[in-house]
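Dear colleague,

Below is the structure I promised to hand over. My notes on what was found in it follow.

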Amino acid sequence: MPGYDVLVVGSANADLTVRVDRRPGPGETVTGGDLVESAGGKGANQAAAAARLGARTALLARVGDDAHGQLLLDAQRQAGTDVRHVLVERGARTGTATIVVGPDGDNAIVVSPGANARLSPADVTAARALVAASAVVSLQLEVPARTVRAAAAVAEEEGARVVFNPSPAPASVDQQVLAVADPLVVNEHEARQLSQAAGDTAEEWAAELRRRGARSVVVTLGAEGALVLGADGRPVRVPGVPAEVVDTTGAGDAFTGALAVRLAGGASLEEAARFAVRVGAVAVTRPGAQPSYPTAQELDRQAAAG
C-alpha cells in the first residue's frame, strides 16, 4: 500500500486578501477593508484540502525563510500535511497572492511567484521515492512548466495516478503532461480556452480535451456542479450543492484536493466528483482559502443533519 494517498507538487503562497464594495476599474482606486494574511497557493491549498479530509498527504514545494514561509508551514502542519519535503530557501521571498474580493464573493488575483519559481525538475528527481510512495500526484501550473513536466513523467514511471489542474491556464497544455492527466481538472473558462472553444457546452469542451490526449476530464461548473468525462467517453453531469457564497477563493483547489482523496481511495471518477462538489460547496460559504476547507467530520455532521 502506498505511503501517501496524495502528493501535491506545486505552489505555496501567502494570500493577502482585501474585501471591497466593488472591484476597481482601470486607473481607479477604491477603499477596502482590513488586509488579511492567510496560507494559500494552489499546491498548498490542494494539500491542505486533502489533509483536512483525513488523507495521508505530502507537499513538495519551495518557500522562503521569511515570515510568510513560516505561516505556510504552520498552516500545513495544522491541516495534517507532511511538510518534510517542503524546501525552505535561504534569502528567498515566499510567493504571494494579492486577492481582491467583491461583495458577490468573486475575486481577482495577482500572483508574485517568489520561491515557487525555483521549484525545479532536480527537486522532483530527488523526491522520486516520495512520488513512488504516493497513490495520486496532484499538479498545477503555479510552478515552472518544466517542473510540472518532470513530475508528470516521474509519476507515470512510478505508477502514480496524475490529477492535473492547468491553472493559471496557459495558451496550450504541454502534451506530455496532458497525456497522463487522469483526470484533467478545468473550470469553464479554462475548458473553453484550452479546447479552443470547440463548441458551446462543457460536454463539447471535455470531449475535445480528451481527443487532444487527456485520459479523463472534469469540468467544474461553479454552482451548477461539474461535468465528468471518463475513459468510456460518456459525459455525466454532477449536480451542484446549494450554498450561500461568501468567498470563492480557493474553492477550485478544495474541489481538486477532495477529488484526489477519493480517487486515491479507489472511487470512480463520478463518485469522486460528487464528493468534491460537496467539499467545494462548503468552502465557498467561508472566507479565505485554506481556512474555509472542511474536515471529514464536518461533512459527516452536515450529511447527518440532512
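S6 and S7 run antiparallel and are joined by 6 bridges. Strands and helices here are DSSP runs numbered from the N terminus, of at least two residues (E) for a strand and at least four (H or I) for a helix; two strands pair if DSSP finds at least two bridges between them. This is a predicted model, in which local features need pLDDT of at least 70 and side-chain atom pairs count only at pLDDT 80 or more, while totals for chains, interfaces and linings use all residues. Residues are numbered from 1 along each chain as its sequence is written, and side-chain values use heavy atoms, with hydrogens and water left out.

Within this pair, valine 101 stands opposite asparagine 107 in S7. The two strands form a hairpin with 5 residues between them, and glycine 105 in the turn has a positive phi of about 90°.

The four-stranded sheet

S6 and S7 belong to an open sheet of 4 strands in the order S3-S2-S6-S7, with mixed pairing. Its edge strands, each pairing on one side only, are S3 and strand S7 (107–112). From one strand to the next the twist averages 25° (axes are lines fitted to C-alpha atoms, for helices over the stretch in contact, and angles run from 0 to 180 degrees between N-to-C directions).

Strand S2 (residues 13–19) pairs with strand S6 (residues 95–101) in the parallel sense over 7 bridges. Leucine 16 has threonine 98 as its bridge partner in S6, and arginine 19 has valine 101. S6 is largely enclosed by the rest of the structure, because 6 of its 7 residues are buried (under 20% relative accessible area with a 1.4 Å probe, protein chains only; exposed is over 50% and partly exposed in between).

The nine-stranded sheet

A second open sheet has 9 strands in the order S5-S4-S1-S8-S9-S10-S11-S12-S13, again with mixed pairing. Strand S5 (86–89) and strand S13 (235–238) are its edges, each pairing on one side only. The twist here averages 20° from one strand to the next. Strand S1 (residues 4–9) and strand S8 (residues 134–139) are parallel, with 5 bridges; leucine 7 stands opposite valine 137 in S8.

Helices on the sheets

In helix H1 (residues 42–52), 10 of the 11 residues are buried. These buried residues pack against S1, strand S3 (36–40), S4, H2, S8 and helix H9 (251–264). Just after H1, glycine 54 takes a positive phi of about 95°.

Single residues

Threonine 57 lies in strand S4 and counts as buried because its relative accessibility is 3%. Its neighbours include Tyr4, Val6, Ala47 and Asp82, not counting residues up to four places away in sequence.

The charged end of arginine 262 sits over the ring of phenylalanine 275, 3.8 Å from its centre (the criterion is NZ of Lys or CZ of Arg within 6 Å of the ring centre and within 35 degrees of the ring normal).

Regards

Key. Contact = heavy atoms within 4.5 Å.
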